[in-house]
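Please keep the sequence and the 3D view open as you read.

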Amino acid sequence: MARQLRPVDLEFVESAPLRLVFSAQLSASPGALYTALADDVAGWPDWFTAVTAARPVDDGAGREIRLKGGTVFTETVLARVPDARYAYRVDQTNAPGLRALLEEWRITPTANGSRVQWTFAADGPAPLRIALRLGRPGLGRAFRDAVRNLDRRLARSPGR
């Protein structure tokens with residue numbers, strides 16, 4: 001059963017009770033990376049192995065994401081800054097314990113491609129926050145694997 005989460009704004013990425021931040025260097029250009037994140041939502045399962053299905057909703061103003069294990073997120077896109085920032089909050093989920101969740105992807109150009117930073121900003125009861133902190137290594141591994149897969153995928157694409 002889906003539960004409604006507390007609506008948060010972009011400021012939550014800095015003020016959340018739990019913030020997990022990961023970053024990686026990619027050879028892909030900021031434009032190619034942004035396009036894959038924000039414009040090719042349906043392509044997420046091709047590179048982010050935890051995602052089994054993804055689709056834009058409301059003409060791109062939102063997303064529906066399905067993860068391995070059956071977790072479902074209905075999201076609202078809060079920021080779309082081409083080649084620089086993509087952020088969304090979770091409005092509804094069947095994941096227990098969450099009160100609020102916002103994810104932000106920041107892209108910066110580098111001499112050899114892009115640097116991407118993913119911030120996972122969440123609120124929930126203390127046991128959930130502890131569990132997420134303990135799960136940080138797994139989330140970090142999932143992020144690194146995903147961006148490595150994405151970088152390889154974009155390297156095979158023309159016009160990257």
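Where is Asp 59 found? Asp 59 sits in the loop between S3 and S4. Strands such as these are DSSP runs of E with at least two residues, while helices are runs of H or I with at least four residues, and both are numbered from the N terminus.

Before going on, note that this is a predicted model, in which local features need pLDDT of at least 70 and side-chain atom pairs count only at pLDDT 80 or more, while totals for chains, interfaces and linings use all residues. Residues are numbered from 1 along each chain as its sequence is written, and side-chain values use heavy atoms, with hydrogens and water left out.

Asp 59 is not a glycine, yet its phi is positive, at about 55 degrees. Most residues other than glycine have a negative phi. Asp 58 also has a positive phi, near 55 degrees, and is likewise a residue other than glycine. Asp 58 belongs to the loop between strand S3 (51-57) and S4.

Are these residues buried or exposed? Here buried means under 20% relative accessible area, exposed means over 50%, and partly exposed lies in between (1.4 Å probe, protein chains only). Asp 58 counts as exposed at 63% relative accessibility, and Asp 59 is exposed with a relative accessible area of 87%.

**A glutamate in strand S4**

Glu 64 has its place in strand S4 (residues 62-67). At 18% relative accessibility, Glu 64 counts as buried. Its side chain makes a polar contact with the side chain of Arg 66 at 3.5 Å. A polar contact is a pair of N or O atoms within 3.5 Å; within protein, one must be able to donate a hydrogen and the other to accept it, and residues adjacent in sequence count only if both atoms are side-chain atoms. Leaving out residues up to four places away in sequence, Glu 64 touches several residues, including Ala 53, Val 57 and Phe 73. Touching, or contact, means heavy atoms within 4.5 Å.

**Salt bridges**

How many salt bridges does the rule count? The count comes to 13 salt bridges, each being a side-chain nitrogen of Lys or Arg within 4 Å of a carboxyl oxygen of Asp or Glu. Three of them are listed here.

| Asp 39 | Arg 80 | 2.5 Å |

Let's take the pairs in turn. The side chains of Asp 39 and Arg 80 meet in a salt bridge. Asp 39 lies in helix H2 (residues 30-39) and Arg 80 in strand S5 (residues 72-81), so this pair ties together parts that are 41 residues apart in sequence. Asp 39 is partly exposed at 47% relative accessibility, and Arg 80 is partly exposed at 39%.

Asp 123 lies in strand S8 (residues 113-123) and Arg 99 in the loop between strand S6 (85-93) and strand S7 (100-110), so the pair ties together parts that are 24 residues apart in sequence. Asp 123 counts as buried at 9% relative accessibility, whereas Arg 99 is partly exposed at 40%. Both residues join Arg 6 in a network of salt bridges.

Finally, Asp 145 and Arg 148 are three residues apart in helix H4 (residues 136-155), separated by about one helical turn. Asp 145 is partly exposed at 30% relative accessibility, and Arg 148 is partly exposed with a relative accessible area of 40%.
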